[in-house]
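Hi everyone, thanks for coming. I'd like to walk you through a model today, so let's get it up on the screen.

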Protein chains: 2
Amino acid sequence: MTGTPDWIAVDWGTSRLRAWGMTASGTELWQRCSENGMGQLARDAFEDALLDLVGDTLGHGPIPVIACGMVGARQGWVEAAYRAVPCPPLDADTLTQAPCGDLRLTVKVIGGLKQIDPADVMRGEETQIAGFLALNPDFDGVICLPGSHSKWARISAGEVVSFQTFLTGEMFAALSQHTVLRHTVQSDRWDDAAFATAISDALSRPERLAARLFTLRAEALLNDLPPAPAAARLSGTLIGAELAAARPYWLGQDVALIGATDISRHYATALAQQGVPATIADVDAMTLKGLVKTRAHLKEPAA
Amino acid sequence: MTGTPDWIAVDWGTSRLRAWGMTASGTELWQRCSENGMGQLARDAFEDALLDLVGDTLGHGPIPVIACGMVGARQGWVEAAYRAVPCPPLDADTLTQAPCGDLRLTVKVIGGLKQIDPADVMRGEETQIAGFLALNPDFDGVICLPGSHSKWARISAGEVVSFQTFLTGEMFAALSQHTVLRHTVQSDRWDDAAFATAISDALSRPERLAARLFTLRAEALLNDLPPAPAAARLSGTLIGAELAAARPYWLGQDVALIGATDISRHYATALAQQGVPATIADVDAMTLKGLVKTRAHLKEPAA
């Protein structure tokens with residue numbers, strides 16, 4: 001579906017570019033996606049990548065584009081400065097305009113958040129958090145955003161107070177593709193019981209994490225451990241290690257999960273095992289809500 | 001240097017094939033090495049790979065070849081069965097003959113060791129341990145063999161009592177090459193202080209391991225953390241996690257390290273920080289000693 005939009009919302013991550021054509025009232029006209037993630041693009045290739053995806057929908061313009069994610073990194077289209085926490089997840093006054101030769105577009109990029117000590121950064125998740133807070137303005141608790149780089153963020157009074165990033169998703173990919181475990185954990189199926197046991201082991205004996213990984217390979221060789229429970233145990237071991245280190249975040253807190261469905265469910269299961277209920281919100285929906293909120297602020301600046 | 005040997009000692013690992021031409025009295029005539037590791041070879045390619053390396057030194061034969069390492073794995077030249085611990089590291093009576101069309105060679109492969117519970121396996125390290133025990137027959141303590149798959153083995157009365165494998169070396173490679181840390185930890189230099197701090201942190205707060213990895217990336221982005229201390233911290237974090245999980249092995253024990261020089265020194269430094277002195281033995285020398293000992297047993301079977 002196409003149609004000339006009032007403005008365009010863009011989520012531009014490392015591996016994916018997603019755009020929504022929007023009406024003035026914030027309704028979605030169309031949604032498109034390409035593989036032209038920031039990771040594959042040189043700085044001068046961003047404009048063409050965006051035009052390839054949405055160019056046929058543009059009128060005379062200029063149409064405002066609001067973008068979040070790695071597009072604002074140092075290696076992205078334009079560097080959009082980090083804001084330091086504690087701060088609200090979004091600040092429409094600090095968007096960074098990207099250089100754009102095509103006069104039909106005006107592109108503004110949302111900056112990420114940084115934390116000085118312990119050092120940490122996010123780009124894109126601040127927009128998801130803002131979308132969640134637009135839906136839940138009184139939320140006071142912790143938001144977990146599972147993924148390649150999982151994030152835990154403390155939210156209070158509409159601000160991100162502190163946050164912590166974990167390499168869990170990338171570690172799972174690197175271990176299951178680039179170590180001897182690749183022979184042992186390739187599976188499209190899942191094993192709830194193996195996952196639950198691994199979570200429990202990781203949280204009760206976190207100091208034994210490093211000992212648990214090669215055991216998967218040895219059990220496959222000696223005991224014919226099948227791939228599905230092996231993969232679920234690897235996932236549970238790594239998510240359990242994340243939960244052990246993130247305990248100060250979730251202990252006794254309300255937790256909201258923003259992420260893809262499968263991985264969010266695994267985190268919710270693991271947290272439920274610890275007596276922590278967690279609600280799940282869809283990541284693409286939260287991103288779009290955050291972009292819509294930013295657009296609304298741009299049109300009607302706060303007094 | 002060449003010369004027709006009395007027998008040939010072979011260390012055939014996943015990525016490397018090393019052969020020593022030996023005299024009847026156990027002296028080294030020559031040493032050669034190729035990249036034809038077990039990982040690159042189909043089952044019917046092993047004989048040619050060995051002949052490529054040593055064929056020009058053979059007389060009419062048959063010359064005995066004794067081989068250890070992954071050459072005896074299920075995907076190797078011939079599967080050499082694991083023996084279960086507790087047991088001596090070598091048993092010359094259980095070598096497995098490899099199928100060999102060239103009549104100038106008779107190839108026998110040393111089997112690895114297995115542990116039923118917790119499941120674990122080794123192939124090649126048993127020969128290194130045997131070499132160390134040939135030099136130190138009364139050793140009672142713990143041998144650590146750092147590498148891609150680090151091993152800790154309890155030794156008593158000439159037997160391997162139990163052992164545990166850690167994926168530490170492969171994890172370092174996978175994290176530093178196949179995650180976002182690749183932008184942060186590429187360095188040929190080292191940083192002793194950063195390593196020592198990471199070891200200390202890992203051992204005092206092992207439950208925070210997963211939190212320490214992304215911090216390297218964030219500190220590089222926000223504080224210009226240079227690659228050398230970042231790489232040393234990644235190494236210290238992973239070796240520290242191994243030491244935390246292996247504490248029952250090294251606490252209050254005599255520790256011997258068998259490995260490559262650089263990595264062995266890092267382990268020795270980390271153990272010294274914990275008040276545990278460790279001696280270092282060269283891994284190739286121990287392998288050859290173990291192969292020589294096996295050959296001696298074959299020639300003069302125990303009564």
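Predicted model: local features only at pLDDT ≥ 70, side-chain atom pairs only at ≥ 80, totals over all residues.

Now let's zoom out to the whole contact between the chains. Chain A puts in 36 residues, and chain B puts in 36 residues. On the chain B side, β9 (120-122), β12 (159-166), α3, α5 and α6 (227-245) each supply at least two residues. Which of the elements gives the most to this side? That is α5(B), with 11 residues. By class, the chain B side divides into 21 nonpolar, 8 polar and 7 charged residues.

How do the two chains relate to each other? Chain B superposes on chain A by a rotation of 180° with 0.0 Å of shift along the axis, at an RMSD of 0.0 Å. That is the relation of a two-fold axis. The interface fits in with this picture: 100% of the interface residues of chain B are also interface residues in chain A, so the copies meet through the same surface.

Next, have a look at helix α3 of chain A, residues 168-178. Is this helix enclosed or open? Of its 11 residues, 8 are buried, so the helix is largely enclosed by the rest of the structure. Among the buried ones are A:Met171, A:Phe172 and A:Leu175. The cover comes from both chains: it includes β11 (150-156), β12 (159-166), α5 (209-223) and α6 (227-245) of chain A, along with α3 (168-178) and α5 (209-223) of chain B.

If we follow chain A past α3, we come to A:Trp190, in the loop between α3 and α4 (192-204). A:Trp190 counts as partly exposed, because it has 15 C-beta neighbours inside 10 Å. Leaving aside residues up to four places away in sequence, A:Trp190 touches A:Ala228 and A:Ala232. Its C-alpha is also 9.6 Å from that of A:Arg233, 43 residues apart in sequence.

For the domain view of chain A, the assignment gives domain 1 (7-123) and domain 2 (165-282). Their centres, taken over C-alpha atoms, are separated by 32 Å.

I'll finish with some backbone details. In chain A, a cis peptide bond with omega of about -5° joins A:Asp117 and A:Pro118, and A:Pro118 sits in the loop between β8 (113-115) and β9 (120-122). In chain B, the bond from B:Val85 to B:Pro86 is cis, with omega near 0°.

There are positive phi values to point out as well. A:Ala157 is not a glycine, yet its phi is positive, about 55°. A:Ala157 lies in the loop between β11 and β12 of chain A and counts as exposed, with 9 C-beta neighbours inside 10 Å. B:Asp224, not a glycine either, has a positive phi of about 55°. B:Asp224 is found in the loop between α5 and α6 of chain B, and with 7 C-beta neighbours inside 10 Å it counts as exposed.

Key
Residues numbered from 1 in each chain as written. Chains lettered and ligands numbered in written order. Buried ≥ 20, exposed ≤ 12 C-beta atoms within 10 Å, placed from the backbone. Helix = DSSP H or I, 4+ residues; strand = E, 2+ residues; numbered from the N terminus. Contact = placed C-beta atoms within 7 Å. Nonpolar A, V, L, I, M, F, W, Y, C, P; charged D, E, K, R; others polar. Least-squares fit on C-alpha atoms with pLDDT ≥ 70 in both. Domains from an automatic or database assignment.
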